[in-house]
Amino acid sequence: MPLFVSNTLSGLKEEFVPLEPGRAGLYTCGPTVYNFIHIGNLRTFLWEDVLRRHLEFSGYAVTHVMNITDVDDKTIRDSAKEGISLRAFTERFTEYFFEDIRTLRVKPAHHYPRATDFIPQMVEIIRKLTERGFTYTSEDGSVYFRIAAFPGYGRLAKLDLEGIKPGARVATDEYEKEDVRDFALWKAEGDGPVAWDTPIGRGRPGWHIECSAMSSHYLGETFDLHTGAVDNIFPHHENEIAQSECASGKPFVKYWLHAEHLIVDGEKMAKSKGNFYTLRDLLEKGHAPLAIRYLLISVPYKKKLNFTFAGLEGAYQAVDRLSNFIARLNGLVESGADGGADILPQIKSFKEGFRAGLDNDLNTAEAIGALFSFIREVNPLLESNSLSALNAGLALQALREADAVLDLFPPAPKLQEEALPLIKEREVMRKAKRWAEADAIRTQLSEMGVILEDTAQGTRWRKKI
RNA sequence: GGCGACGUACCCAAGUGGCUAAGGGAGAGGUCUGCAAAACCUCCAUUCAGCGGUUCGAAUCCGCUCGUCGCCUCCA
């Protein structure tokens, strides 16, 4: 079954057909590294991770590029505030960014280009645009893109250009522009501290030009997929299209995909509202990375995700349930039991349901629904000891395949050295019916992150996720 | 003002014309159990914001009303 995605450009759900069979070029808008990323950023990055993984799962050779925006008003402002170089400042937050996405198991992109490493390529695009008459230079030497010269402008954001007129909400103090709708390709900096000397003068790039330069560098002038959150549609992506298409004379991107925002308790997340969370905030409160990952990918990207702590608790329970299921299957495989029910039909329907969900515009809710339906079907068989090791192994294999996309499997269970003697000691206490001592040890282990479950087949341990 | 998304149980959420409205969490009762945990069984929306309409048939299509959220120059 083919993959369908919602293309912002057409406003329709379209079948994904790559420019080159078997390959997919994916450019995802990355962070501006002036602070820790927040859970809204993560929602988008995690959805992009699911997209990339599902493309790979579907057999495409994916080239994934994510930019690191390391020069803009905020990075310049905050590095100056700290009195350190822009590079030192942005490198620190870039490292934090990598740590955070690693914590949430986001598969690394193949390339993470930094804007400041691509100044010559940006200048080249601006030069081309100038050659073709799409730019003008203001008195101070800044270069602007002339929107009036590009008839396709506003197509992505479905903007009524007549609606954006001087006055209204647009600041009119930028008198050097011919038209307020025009945007800066190059900002002249004179003797400012953050500037590059280039053939088009001393200055720094405008915001949008980096993505045009870096995407075409790695993926070509026309590529398959470009993603971001809905707020990127305008002006960022609209302007990228204008720059790239006017410079190359070719269509820029085939599929534009945009994630809806995460909101908190039904409201827009904002520092001023006190409902603003970074990943680090949640980890400090003791929330498990896997629960966060689950929660943020469980709502399909086209829907706003309402983040609540109750929801995060629920996500933890769900992941725990999956983890427990996997542990039981593993136990059964190790036992080597034979005979019992054949669950091939259940496995088949799980695989099909899971895949159909993801193929349907990355409907993770549908896919995860198929996963838990499968768990509900198999658990009774585990309970009644009517499943063979062979079938348990097949079930695990199917789960692992699905996990190539979700990546929600619990970390490989590894018991601390000091835990095993405690578990054995507790067994002795239990046999002697010295319950108080046995329970004390169980509590102690629980504090170490080891959960014990006494079953008819003996005591089972698993790690807290 | 322009453009757009959305309103399904206590919470999250799938479903986009036709079997008994997925799934997760929470909750209630039961089985198992030294207790706990896990698991299992049962219950938990005659109904999909409201009102009309189209249709043999609608949560799904159309219209209106109410409500929520977002974008409209640098916020993922």
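Student: Which helix gives the largest share of the surface near RNA strand B, and how many residues come from that helix?

Tutor: The model is predicted. In this model, the largest share of the surface near RNA strand B comes from helix α11, residues 364-383, with 9 residues. In total, 55 residues surround RNA strand B. The closest are Arg181, Ala229, Asn232, Asn324 and Glu383. By residue type, the surface near RNA strand B divides into 22 charged, 17 polar and 16 nonpolar residues.

Individual contacts involve both kinds of atom. For the phosphate, a polar side-chain atom of Lys268 is 2.7 Å from a phosphate oxygen of RNA strand B. For the bases, Arg442 places a polar side-chain atom 2.6 Å from a base oxygen of RNA strand B. Leu262 takes part through its backbone, with a polar backbone atom 3.0 Å from a base nitrogen of RNA strand B.

Leu362 lies in the loop between α10 (344-359) and α11. The phi angle of Leu362 is near 55°, a positive value in a residue other than glycine.

The next part is helix α6, residues 233-248. Pro235 has its place in this helix, and the peptide bond from Phe234 to Pro235 is cis, with omega near 5°.

Helix α6 packs with helix α5, residues 209-219, at an angle of about 60°, and the two axes are 8 Å apart. That angle makes α5 oblique to α6. The crossing of α5 past α6 is right-handed. From α5, the contact is made by Ile209, Cys211 and Ser212, and from α6 by His236, Glu240, Gln243 and Ser244. The residues of this contact between α5 and α6 divide into 4 polar, 2 nonpolar and 1 charged.

Helix α6 also meets helix α4, residues 119-131; their axes come within 9 Å and cross at roughly 65°. This makes α4 roughly perpendicular to α6. The crossing of α4 and α6 is left-handed. Here Ile125, Lys128 and Leu129 of α4 make the contact with Gln243, Cys246 and Ala247 of α6. The residues of the contact between α4 and α6 divide into 4 nonpolar, 1 polar and 1 charged.

Another helix pair can be read in the same way. Helix α1, residues 39-57, and helix α12, residues 389-406, have axes that come within 7 Å and cross at roughly 135°. The two helices α1 and α12 are therefore oblique to each other. In α1, Val50, Arg53, His54 and Phe57 meet Glu401, Asp403, Ala404 and Val405 in α12. The residues of this contact between α1 and α12 divide into 4 nonpolar, 3 charged and 1 polar.

Note on methods: Residues numbered from 1 in each chain as written. Chains lettered and ligands numbered in written order. Predicted model: local features only at pLDDT ≥ 70, side-chain atom pairs only at ≥ 80, totals over all residues. Heavy atoms only, no water. Axes fitted to C-alpha atoms, helices over the stretch in contact; angles between N-to-C directions. Helix = DSSP H or I, 4+ residues; strand = E, 2+ residues; numbered from the N terminus. Parallel < 35°, antiparallel > 145°, perpendicular 65-115°, else oblique. Left-handed = near helix turned anticlockwise from the far one by under 90°. Contact = heavy atoms within 4.5 Å. Nonpolar A, V, L, I, M, F, W, Y, C, P; charged D, E, K, R; others polar. Near = heavy atom within 4 Å. Polar contact = N/O pair within 3.5 Å; in protein donor to acceptor, adjacent residues only side chain to side chain.
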